Amino acid sequence: MADPVYESRLPGPLARLKRWLVAHHMTLMTIADTPHSVALGSAIGIFFGFTPLYPLKTLLSIAVAWVCRCNKIAAAILVTLHDVVIWAMPAIYFAEYHLGCWSLHRPVARRVRFRQFGLHDYLDWHVFSRVVWPTFWPAFVGSLFLAIPSAIIVYFLMRMLVSRARVPQKIV
């Protein structure tokens with residue numbers, strides 16, 4: 001008799017997210033490193049995942065994990081978690097930008113219409129300094145309001161989970 005096949009009752013995208021989380025949770029729990037190292041690498045990954053340094057966040061998280069002598073694989077996995085929930089990131093970046101404007105006492109930038117720019121304008125330093133940089137700095141400062149508490153919570157949570165997963169089971 002064949003084993004029954006169990007299918008997830010979740011919709012397709014949520015089922016894929018659950019499979020991804022389960023697979024990477026097991027990877028994090030079985031990394032041959034100390035609970036502190038795995039937890040600190042995870043916290044660094046979560047921290048950089050919230051920053052608007054999108055093209056550099058994975059490299060930065062691995063580099064900082066290397067400098068801090070903690071687990072680089074955990075940092076890479078947790079920074080990738082933000083890529084899995086990419087559908088929520090525009091709202092998070094928007095909130096970070098508004099938090100940054102509020103904390104820096106700056107007005108929120110007017111709406112930029114990209115149809116006004118030509119290809120040569122995107123390569124011009126003045127366009128970068130007038131459009132990109134004024135929105136990046138408040139977004140980066142605002143990201144710290146989410147990144148730092150999230151990293152602290154993830155550190156203690158991962159340290160507890162990894163420590164519990166490695167406690168030898170008592171045979172009764």
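1. The model is predicted. Helix H5 covers residues 89-103, 15 residues in all. From its first C-alpha to its last it reaches 21 Å, close to the 21 Å expected at 1.5 Å a residue.

2. The buried residues of H5 are Met89, Glu96, Tyr97, Gly100 and Cys101. They lie on the same side of H5 because they cover an arc of only 135° around the axis.

3. After H5 comes histidine 105, with a positive phi near 55°. Histidine 105 is in the loop between H5 and helix H6 (119-122). Its relative accessibility is 74%, so histidine 105 counts as exposed.

4. Phi of arginine 69 is positive, near 55°, and the residue is not a glycine. Arginine 69 is placed in the loop between helix H3 (57-67) and helix H4 (72-84). With a relative accessibility of 77%, arginine 69 is classed as exposed.

5. How many aromatic pairs does the structure hold? There are four. One of them joins phenylalanine 47 and phenylalanine 48, whose ring centres are 5.2 Å apart. Their planes stand at 90°, so this pair is edge-to-face; the cut-off for that class is over 60 degrees.

6. Are phenylalanine 47 and phenylalanine 48 buried, partly exposed or exposed? Phenylalanine 47 has a relative accessible area of 22% and is partly exposed. Phenylalanine 48, at 11%, is buried.

7. Another pair is formed by phenylalanine 136 and phenylalanine 140, with ring centres 6.0 Å apart. The planes are at 20°, so the pair is stacked. Both residues belong to helix H7 (residues 125-165) and are four residues apart, about one turn of the helix.

8. Phenylalanine 136 is partly exposed, its relative accessible area being 22%. Together with Trp137 and Phe140, Phe136 forms one aromatic cluster.

Terms used: Residues numbered from 1 in each chain as written. Predicted model: local features only at pLDDT ≥ 70, side-chain atom pairs only at ≥ 80, totals over all residues. Heavy atoms only, no water. Helix = DSSP H or I, 4+ residues; strand = E, 2+ residues; numbered from the N terminus. Expected span 1.5 Å × (residues − 1). Buried < 20%, exposed > 50% of the residue type's maximum accessible area, 1.4 Å probe, protein only. Arc of directions from axis to C-beta. Phe/Tyr/Trp six-rings, centres within 6.5 Å; stacked < 30°, edge-to-face > 60°.
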